[in-house]
Amino acid sequence: MAEQPGHVTGVGGIFVKSKDPKALAIWYRDVLGLDVASWGGAALPLDAPGHPPKLSWAAFPDSSDYMSPSTREFMIDFAVDDMDAMIARLIAKGVPILKRDDHDPFGRFAWIQDPDGTKIELWQPKKS
């Protein structure tokens, strides 16, 4: 049976509010290495080498502390190509690492917060 039209095909963007969007964009550029364009955001290619073939969406109960210490109602997960290099970059920029997990069956993880308090999950997918 053919799939019927009128369904979600993927995520087209992540949009956040900030008291200082320009400073936040600079932080994402300088700290995480996003290629922030003149329009103030970044277009992340889905076909980058080693990038996972799918994007996850999940709802958590209100009682979940998975996004703590952030008080935001969402968290951003960025796939990374080299966790060790990313951690070294973050440490050099003075960004505290909230937690690391190098033994998860899905790959390696680290968690940080951006200047607005949004929790960011960094994920280096496990190689098949």
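This briefing describes aromatic pairs, nonpolar cores and helix packing in the structure above. The model is predicted, so local features need pLDDT of at least 70 and side-chain atom pairs count only at pLDDT 80 or more, while totals for chains, interfaces and linings use all residues. Residues are numbered from 1 along each chain as its sequence is written, and side-chain values use heavy atoms, with hydrogens and water left out. Helices (H or I, at least four residues) and strands (E, at least two) are DSSP runs numbered from the N terminus.

**Aromatic pairs**

- A search of the whole structure finds five aromatic pairs, where rings of Phe, Tyr and Trp (its six-membered ring) pair if their centres lie within 6.5 Å, and planes under 30 degrees apart count as stacked, over 60 as edge-to-face and the rest as tilted.
- Tyr 28 counts as buried at 8% relative accessibility, and Phe 78 counts as buried at 13%, where buried means under 20% relative accessible area, exposed over 50% and partly exposed in between (1.4 Å probe, protein chains only).
- Phe 109 and Trp 123 form a stacked pair, with 6.2 Å centre to centre and 10° between the planes.
- Because Phe 109 lies in strand β3 (residues 107–113) and Trp 123 in strand β4 (residues 119–125), this pair ties together parts that are 14 residues apart in sequence.
- Phe 109 is buried at 10% relative accessibility, and Trp 123 is buried with a relative accessible area of 17%.
- Trp 27, Tyr 28 and Phe 78 form one aromatic cluster.

**Charges over rings**

- Lys 99 lies over the face of Trp 111, at 5.6 Å from the ring centre, under a rule that asks for NZ of Lys or CZ of Arg within 6 Å of the ring centre and within 35 degrees of the ring normal.
- The charged end of Lys 119 sits over the ring of Tyr 66, 5.4 Å from its centre.

**Nonpolar cores**

- The largest nonpolar core has 18 residues, of which Tyr 28, Leu 32, Leu 90 and Leu 122 touch the most other members; such a core is a set of buried Ala, Val, Leu, Ile, Met, Phe, Trp, Tyr and Cys residues joined through side-chain atoms within 4.5 Å.
- The elements giving two or more residues to this core are α1, β1, α2 (83–92), β3 and β4, and α1 gives the most, with five residues.
- Leaving aside neighbours within four places in sequence, Leu 90 is in contact (heavy atoms within 4.5 Å) with Val 31, Leu 32, Val 95, Ile 97, Ile 112 and Leu 122.
- A second, separate core of five residues includes Met 67, Met 75, Phe 109 and Trp 111.

**An exposed aromatic residue**

- Phe 106 lies in the loop between β2 (99–104) and β3, and Phe 106 is exposed, with a relative accessible area of 61%.
- Not counting residues up to four places away in sequence, Phe 106 touches Trp 123, Gln 124, Pro 125 and Lys 126.

**Helix packing**

- α1 and α2 pack at an angle of about 125°, with their axes 9 Å apart; axes are lines fitted to C-alpha atoms, for helices over the stretch in contact, and angles run from 0 to 180 degrees between N-to-C directions.
- The contact is made by Arg 29, Asp 30, Val 31 and Leu 32 of α1 and by Met 86, Arg 89 and Leu 90 of α2.
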